[in-house]
Protein chains: 2
Amino acid sequence: MKVYDKKDFPVAQIRRFLEPGPIVLVSSAWSGRNNIMTMGWHMVMEFQPSLIGCYIWSENHSFQMVRDSKECVINIPTVDLASTVVEIGNSSGRDIDKFATFKLTARPGTRIGAPLIEQCYANFECKLVDSSLIRKYSLFVLEVVKAHVARSPRYPRTIHYRGDGVFMISGENTSRYRKRFKPQNL
Amino acid sequence: MKVYDKKDFPVAQIRRFLEPGPIVLVSSAWSGRNNIMTMGWHMVMEFQPSLIGCYIWSENHSFQMVRDSKECVINIPTVDLASTVVEIGNSSGRDIDKFATFKLTARPGTRIGAPLIEQCYANFECKLVDSSLIRKYSLFVLEVVKAHVARSPRYPRTIHYRGDGVFMISGENTSRYRKRFKPQNL
């Protein structure tokens, strides 16, 4: 499997990787065990602090782990991991150790206890900063406190879920409209 | 400009178009005036009721219009509208009538007073069902009450914002992983 050479990245700019809407992997740790889930429902909520909103279904094993540890990592997989992403979504951390089963490498977080997934293009270490919307909406408000992003390629080939078993793979990247943007909209 | 032939679409399945993360256009009406804004920060929050969370900055003219009318339409533009999407983001409804300026057609909503943008691939008529998170997070919780989606193509070529003036255009669609999904994950 591909291993990316990553560098520190400004947390206020992680929207560059989440706003296009990729499927992400959420890794967490609690009571001496790690887990990973596949997630498609997330949004950027603020630049600074760097806030992300995400939906974790209460039936997911990760729900309790993230809620109780108050930490997780948002990892961005690329298309080479698509099969693994599906298998992670098909299985439960109640039954298996997903890092071991799917031969993924858990790298220690630098600011939190949850593990980074080495094979992903980017890893965003997050703290749960608002748990008040979990009961009503299963909505976790996370703050990205540390970001690690691959040095290349500049734009990852990410996978985006269309439902019904269909993935869209990110396509052409263009800056041909860039000169038309007002500076404050960049 | 392209005009799509649309049909009614089940509101519980609109995640198929929003979960991949496209830039959308939000249209609204208030006090006899229409407006449109460009939006990239949104997420699916529930299938049924069909809930969407979205961030509207308080400085946007649409902020007050959606908050006070308690309605809006989420429209999905395709890549042929990319220049228009940028210009809509660059301008303010305080200064211009965006439908007239950008030669877009306002079609009346069937369940709400806000107008649909005829030239977009899909139109989701929404009601603001929870305004309690607007003050703290600029987060609008919307319920899709009616959906109109183009009959073809099956998968639209949408635009996704990477920040810094760069768009990603949706690429290949594949169901090659479909048979590996557990039915409940479709």
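**A quick look around**

R157(A) counts as partly exposed because its relative accessibility is 45%, which falls between the 20% and 50% cut-offs. Keep in mind as you browse that this is a predicted model.

- You'll find R157(A) in the loop that links β10 (139–150) to β11 (159–161) in chain A.
- Setting aside neighbours within four places in sequence, R157(A) touches T78(A), V79(A), I169(A) and S170(A), plus E172(B) from chain B.
- Between R157(A) and H42(A) there are 18 Å in space, C-alpha to C-alpha, and the two are 115 residues apart in sequence.

**S50(A), tucked away**

- S50(A) also sits in a loop of chain A, between β4 (42–46) and β5 (51–55).
- Is S50(A) buried or exposed? S50(A) counts as buried, because its relative accessibility is 3% and the cut-off is under 20%.
- Which residues does S50(A) contact, leaving aside neighbours within four places in sequence? They are V11(A), A12(A) and I14(A), along with L142(A), E143(A) and V144(A).

**Helix α3 of chain B**

- Helix α3 of chain B covers residues 82–90, and its buried residues are A82(B), T84(B), V85(B), V86(B), I88(B) and N90(B).
- An α-helix has 3.6 residues a turn, so residues three or four places apart point the same way.

**Cavities**

- How many cavities of 30 Å³ or more does a search of the whole structure find? The search finds two.
- The largest cavity holds about 130 Å³ of space.
- Its lining is made up of 15 residues, and those nearest the centre are G21(A) and H42(A) from chain A with L18(B), G21(B) and H42(B) from chain B.
- The elements giving two or more residues to that lining are β4 of chain A and β4 (42–46) of chain B.
- By class, the lining of the largest cavity has seven nonpolar, six polar and two charged residues.
- The second largest cavity holds about 30 Å³.
- Lining the second largest cavity are V11(B), A12(B), I14(B), R15(B), V44(B), E46(B), F47(B), S50(B) and L51(B).

Terms used:
Residues are numbered from 1 along each chain as its sequence is written. Chains are lettered from A and ligands numbered from 1 in the order in which they are written. This is a predicted model: local features need pLDDT of at least 70, side-chain atom pairs count only at pLDDT 80 or more; totals for chains, interfaces and linings use all residues. Side-chain values use heavy atoms; hydrogens and water are left out. Helices (H or I, at least four residues) and strands (E, at least two) are DSSP runs, numbered from the N terminus. Buried means under 20% relative accessible area, exposed over 50%, partly exposed in between (1.4 Å probe, protein chains only). Contact means heavy atoms within 4.5 Å. On a 1 Å grid over the protein atoms alone, a cavity is a set of points where a 1.4 Å probe fits but cannot get out, and a pocket is an open set with protein on both sides within 12 Å along at least five of seven lines; lining residues have an atom within 4 Å of a point. Grid points are joined across faces, edges and corners, and a volume is the space filled by probe spheres set on the points. Ala, Val, Leu, Ile, Met, Phe, Trp, Tyr, Cys and Pro count as nonpolar, Asp, Glu, Lys and Arg as charged, and the others, Gly among them, as polar.
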